[in-house]
Amino acid sequence: MLVEKTKEIIGHFNFKFNKSFGQNFLINEEVLEETVENMNLNQNNCVIEIGAGIGTLTQEMAKNCKRVVAIEIDDKLIPVLEETLGDYSNVKIIHKDVLKVDFKNLIEEEGLENVKISANLPYYLTTPIITKIFNEKPGIESLTLMIQKEVGERIMAAPNTDGYGVISTLVQYYAEVEMVCSVPPSSFIPQPRVDSVVINITIRKEPKVKVLDEALFFRIIKTSFSMRRKTLWNVLKQTGLKEDKLTEAFEISGIDPKRRGETLSLEEFGRLSDEVKKRS
Ligand code: SAM
């Protein structure tokens, strides 16, 4: 049983959980199986795992793919991983803060192909790491993430709902997201206070919307969400565009300037940012 095995390893190494690293180790076999099954791994896939812990997820993936590169920040866990993963010749452990990893370099240096990322992520790392990966665009196939339920809902949120924000637009622009399963707190040692979910993020071949200027498109989105209470007219005034040009941009894109950014779909943000671009 995974729970006993985990307790045995923790006891054997006299491991003390480090709260600041958000350590909640998975002990639910069903969730483990479902997560790995949904990654659809084959012998051509390489996996980058973020936060290997004691190697529970790592081992399951290593059995089903070509290679796993497992990144772990906690030096106390490195000897544990060396033992639990000792029999897997296709696993490499990297002792590093994942926020300092350049994913493109890592993939190149390690010669990784058909790369999928997986992680049971600590809460503090979720938004920074997703943002980092989507900004770096390292050329991966998918991300399978175990995250706090509320963050999962934000990633999947539709316009005009509470959770809709920059992270929803960023992920949905580049990828398709699907829910894999719910994960109750009892699935971890120690138990977190919140519910979790597993989501699968599959990178699209082309972004969901074609835009003239991606940087401008995301700048408008970010400003809209940082000024949630303001109308789009006030948001777009920040672009420095003259009022007559701004009026034209709204008219031609067919978007009411009195609307708020949080009501716009990706297509609408795209239309509006294209009309702004043409007049800038
Ligand atoms: N994958 C294991 C599992 O499912 O049982 C552990 C998951 S635990 C929620 C998160 C892991 O990420 C911990 O092992 C923690 O030490 C590690 N971690 C936290 N911050 C990290 C960082 N910045 N870089 C790399 N690993 C990190």
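A salt bridge is a side-chain nitrogen of Lys or Arg within 4 Å of a carboxyl oxygen of Asp or Glu. The legends below use that rule.

This is a predicted model: local features need pLDDT of at least 70, side-chain atom pairs count only at pLDDT 80 or more, and totals for chains, interfaces and linings use all residues. Residues are numbered from 1 along each chain as its sequence is written, and side-chain values use heavy atoms, with hydrogens and water left out.

**View 1. A salt bridge joins Lys116 and Glu141.**
The side chains meet at 4.0 Å, N to O. Lys116 sits in strand β5 (residues 115-120) and Glu141 in the loop between α6 and β6, so the pair ties together parts 25 residues apart in sequence. Helices (H or I, at least four residues) and strands (E, at least two) are DSSP runs, numbered from the N terminus. The salt bridge count comes to 15.

**View 2. Domain 1 meets domain 2.**
The chain is divided into domain 1 (2-203) and domain 2 (214-278). These bounds come from an automatic or database domain assignment. Their centres, taken over C-alpha atoms, are 35 Å apart. Domain 1 puts 12 residues into the contact and domain 2 puts in 13 (contact means heavy atoms within 4.5 Å). The two domains bury about 1,000 Å² between them, 65% of it on carbon and sulfur atoms. Buried area is the accessible area (1.4 Å probe) that two parts lose on being put together, summed over both. Tyr164, Val166 and Tyr173 supply 48% of the area that domain 1 buries against domain 2, more than any other three residues. Between the domains the count is 0 salt bridges.

**View 3. The second largest pocket lies between the domains.**
Domain 1 and domain 2 both give residues to this lining, so the pocket lies between them. About 220 Å³ of space lies inside. The lining has 16 residues, with Thr131, Val166, Leu170, Phe218 and Lys222 closest to the centre. Helices α6 (123-136), α8 (166-174) and α9 (214-226) each supply at least two lining residues. By class, the lining has 6 nonpolar, 5 polar and 5 charged residues. Ala, Val, Leu, Ile, Met, Phe, Trp, Tyr, Cys and Pro count as nonpolar, Asp, Glu, Lys and Arg as charged, and the others, Gly among them, as polar.

**View 4. The largest pocket is lined by 20 residues.**
A pocket is an open set of points on a 1 Å grid over the protein atoms alone, with protein on both sides within 12 Å along at least five of seven lines; a cavity is a set where a 1.4 Å probe fits but cannot get out, and lining residues have an atom within 4 Å of a point. Grid points are joined across faces, edges and corners, and a volume is the space filled by probe spheres set on the points. The largest pocket has a volume of about 510 Å³. Gly22, Asn24, Tyr123, Pro192 and Arg193 lie nearest its centre. Strand β6 (residues 142-148) gives the most to the lining, with 3 residues. The lining divides into 10 nonpolar, 8 polar and 2 charged residues.

**View 5. The largest cavity is lined by 26 residues.**
Its volume is about 350 Å³. Gly51, Ala52, Gly53, Glu72 and Asn120 lie nearest the centre. The lining has 14 nonpolar, 8 polar and 4 charged residues.

**View 6. A cis peptide bond joins Ile189 and Pro190.**
Omega is about -20°. Pro190 is in the loop between β8 (188-189) and β9 (196-203).
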